[in-house]
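Thanks for making the time this morning.

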Amino acid sequence: MKKIVLSLMLAVSLAACGEKTESPKENEKPVVKIGVSLPLSGPMAYVGKVLKTTVSLVEKDLSDEIRNEYEFIIEDNSFDTKRAAMINNKFFNNDKVDAILDVGSKVGLITYPLADKNKVIHISLATEKAVAKGAYSFINWAQPSDTAKKMVDKILKDKINNIVIFTQEDQAMVAISDELKRGFENNNIKYIEKKNNHGEKDFNTVLNDLMLFEPQLFILLEYTPSINVLIKRIKEMNFSAQVTSVETFGYMDNKEDIEGLWYSDAPDIKNEYRDKFIRHNKSENTYGVGYIYDSLNMLVQAFENATDNNVLEAFKNIKKYEGVVGTLEQDEQGVIHSQAVIKKIVNGQPVVVEE
């Protein structure tokens with residue numbers, strides 16, 4: 001039997017301690033506990049909710065022939081680092097998890113030292129390579145170097161210049177911005193960067209100042225609500241420039257304001273799997289679902305194939321994995337690479353237009 005435990009309340013005593021799960025009785029399979037920390041509320045809830053339902057698809061698709069049972073313990077971190085830290089405390093001290101999956105660089109950065117300390121394997125759907133510097137931590141997402149290069153190649157092809165980057169002060173957004181700027185400087189593309197804090201809503205002054213620059217393209221490395229406000233103000237001020245993003249259009253719940261716009265992103269689910277996920281999740285939103293599905297199945301593969309309980313070594317040995325997002329390749333630093341793509345919003349949904 002496989003089971004999912006969804007705990008949205010952290011009312012459990014976080015100070016409680018106990019031993020690891022007792023050894024299974026005869027004819028019983030060992031139970032592997034995997035903690036899953038997701039943004040089920042807050043600015044990333046649109047993504048987190050569909051990731052949660054995808055966990056149940058992983059559970060459904062597990063073979064009856066596997067040698068372990070898998071228990072997925074899901075918690076809501078609201079994309080908040082303090083709440084994520086509380087959840088990590090619960091995972092390690094109460095649940096005694098055998099593995100952790102989380103989402104977002106800022107969450108992964110607070111998890112990896114604890115994963116090392118507790119010798120628990122940790123996968124983060126994140127872009128910040130520092131998350132993978134822990135011996136027990138890995139990241140699985142299209143890397144900033146790949147998504148930024150895809151953006152720069154598109155800009156060069158379309159002969160675009162005078163670019164404005166709006167960058168929110170967030171590890172993932174800054175990492176993408178750094179790669180974009182490197183690409184622009186290497187190709188003599190003029191740009192200006194404007195940084196802001198999370199939740200910023202007043203962009204009138206900075207946009208007015210940009211009029212003289214005559215931008216041809218705005219790149220918005222922002223989460224909601226800032227990205228929504230920026231898109232609205234750029235339209236209201238009648239800039240002739242195009243508007244795009246790296247990844248962040250995919251995070252937006254309401255895509256009406258970005259209909260027809262292109263952007264660079266991580267790959268989507270391959271077409272042959274798309275209908276399956278939409279039916280199961282009862283949602284057209286497939287953002288990130290392939291990554292959580294493949295990551296959890298890679299974990300299961302490692303636990304199933306581990307010899308002498310060396311799950312870490314078994315996971316490191318998965319150098320290439322054919323997943324629902326395509327080919328995933330793991331390097332020596334624990335970074336799992338995938339191919340970046342260009343997408344376009346068509347009828348409210350992201351569509352891959354260039355691989």
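At what angle do H1 and helix H8 (residues 271–281) pack? Before I answer, please keep in mind that this is a predicted model, in which local features need pLDDT of at least 70 and side-chain atom pairs count only at pLDDT 80 or more, while totals for chains, interfaces and linings use all residues. Residues are numbered from 1 along each chain as its sequence is written, and side-chain values use heavy atoms, with hydrogens and water left out.

The angle is about 110°, with the two axes 9 Å apart, and that makes H1 roughly perpendicular to H8, a label that covers 65 to 115 degrees, whereas under 35 counts as roughly parallel, over 145 as roughly antiparallel and the rest as oblique. The axes here are lines fitted to C-alpha atoms, for helices over the stretch in contact, and angles run from 0 to 180 degrees between N-to-C directions. Helices (H or I, at least four residues) and strands (E, at least two) are DSSP runs, numbered from the N terminus.

On the H1 side, Val50, Thr53, Thr54, Ser56, Leu57, Lys60 and Asp61 meet Lys276, Phe277, His280 and Asn281 in H8, where contact means heavy atoms within 4.5 Å. By class, this contact has three nonpolar, five polar and three charged residues; Ala, Val, Leu, Ile, Met, Phe, Trp, Tyr, Cys and Pro count as nonpolar, Asp, Glu, Lys and Arg as charged, and the others, Gly among them, as polar.

Now to the contact of H1 with H9. The axes of H1 (residues 45–61) and H9 (residues 289–305) come within 9 Å and cross at roughly 40°, and the two helices are therefore oblique to each other. Val50, Leu51, Thr54, Val55, Leu57, Val58 and Asp61 in H1 meet Val289, Ile292, Tyr293, Leu296 and Asn297 in H9, and the residues of this contact divide into nine nonpolar, two polar and one charged.

Turning to the sheet, four strands form an open arrangement in the order S8-S7-S9-S10, with parallel pairing, two strands being paired if DSSP finds at least two bridges between them. S8 (191–196) and S10 (242–244) stand at the edges with a single partner strand each, so one side of each is left without a neighbour in the sheet. Between S7 (residues 163–168) and S9 (residues 217–221) there are five bridges, and isoleucine 165 stands opposite isoleucine 219 in S9. Helix H7 (residues 226–236) lies across S7, S8, S9 and S10, running at about 165° to S9.
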